[in-house]
Amino acid sequence: MIGQTVTKLEDFEKVKRTHQIVLSDVFTNRRGLKTVIVHVPVFKRDEFNGTIALLFPFDLIAKRYIEDIRIGKDGYAWIISKTGIELSCPVPGHVGNSVFDNHREVPNILAMAERMIQGEQGVTTYVFYRNRENVTSKTTKHAVFMPIRLKNNFWSIVVATPEDEVVGALKGFRDKLLLIATFWTIGIGFFLYMLIKTRIVVKEVERRRKTEEALRESEEKYRSMMESMKAAVYICSPDFRVEYMNPAMIKRTGRDATGEVCHKAINDLDERCPWCVHDKI
């Protein structure tokens, strides 16, 4: 190659004209390897003085960055150049050929390819005929495509997934969503139950508190009334035990017999029982 002219190469001419880095299309070199060349302009005293050409093996790039893109079991990525040549594709026999030749009988792919070589991005659905072990099967695929900008050039990548795998993923997501919704509903129901129960308990506690306050106020009023009465009053339980004596009763009897049994206390008193209206027994 030393000494041969390259001034007619399109990429070299573009570098010479623009003074910018230029990336070539993928091509097959003399060794039979798919290659891309990056032309970097060289200047001498601010004048264009040629390029440094860097060659990169495209197969290595595809293997490292493209072939590992997998979605599910049969979803994969493939790339075409801006001229429509398939640069990377797992389908045997497609690489190096025009996408318009490889899929001439698939209108949806051709329509997608037209948009891809224009540098557009989007989503589409197409039917792909797969041949395995001499058996041809029809598969509907969902695809998303977008350009990969590379200086003056671009490639367009497609990531396609069979419909059954997409639907399977959606079903799995739906099942998880239903499970989450079920737990969420149960959680909300439990929360509402606890909220209602708590409100009922709070109301019951408040009711009891008010009842106890009313009872305490009533007892205080009753005790205050008994304490202030001039009449001698005492309260006796069903088993004849003195439970309460007001000050007038204590003054009359001369002692506080609270807690004692009535009939024992009566025997120590005068003929008329001070504890009740009956005679002493």
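Trp184, Ile188, Phe191, Leu192 and Leu195 together make a nonpolar surface patch of about 540 Å². Such patches join nonpolar side chains (Val, Leu, Ile, Met, Phe, Trp, Tyr) within 5 Å, using residues with over 30% relative accessible area and no salt bridge. Ile188 belongs to helix α5, which covers residues 163-228, and is partly exposed at a relative accessible area of 37% (buried means under 20%, exposed over 50%, partly exposed in between, with a 1.4 Å probe and protein chains only).

This is a predicted model, in which local features need pLDDT of at least 70, side-chain atom pairs count only at pLDDT 80 or more, and totals for chains, interfaces and linings use all residues. Residues are numbered from 1 along each chain as its sequence is written, and side-chain values use heavy atoms, leaving out hydrogens and water. The chain has an average pLDDT (the predictor's confidence in each residue, from 0 to 100) of 81, and 85% of the residues score at least 70. Over residues 265-281, however, the pLDDT is below 50.

Helix α5 also holds Arg209, which is partly exposed at 36% relative accessibility. The side chains of Arg209 and Glu213 are joined by a polar contact of 2.5 Å (a pair of N or O atoms within 3.5 Å; within protein, one must be able to donate a hydrogen and the other to accept it, and residues adjacent in sequence count only if both atoms are side-chain atoms).

Turning to strand β3 (residues 34-44), His39 is found there and counts as buried, with 8% relative accessibility. The side chain of His39 makes a polar contact of 3.3 Å with the side chain of Thr51.

Conventions
Patch = residues over 30% accessible without salt bridge, like charges linked within 9 Å, V, L, I, M, F, W, Y side chains within 5 Å. Areas by Shrake-Rupley, 256 points an atom, 1.4 Å probe, with all protein chains shown as cover. Salt bridge = Lys/Arg side-chain N within 4 Å of Asp/Glu carboxyl O. Helix = DSSP H or I, 4+ residues; strand = E, 2+ residues; numbered from the N terminus. Contact = heavy atoms within 4.5 Å.
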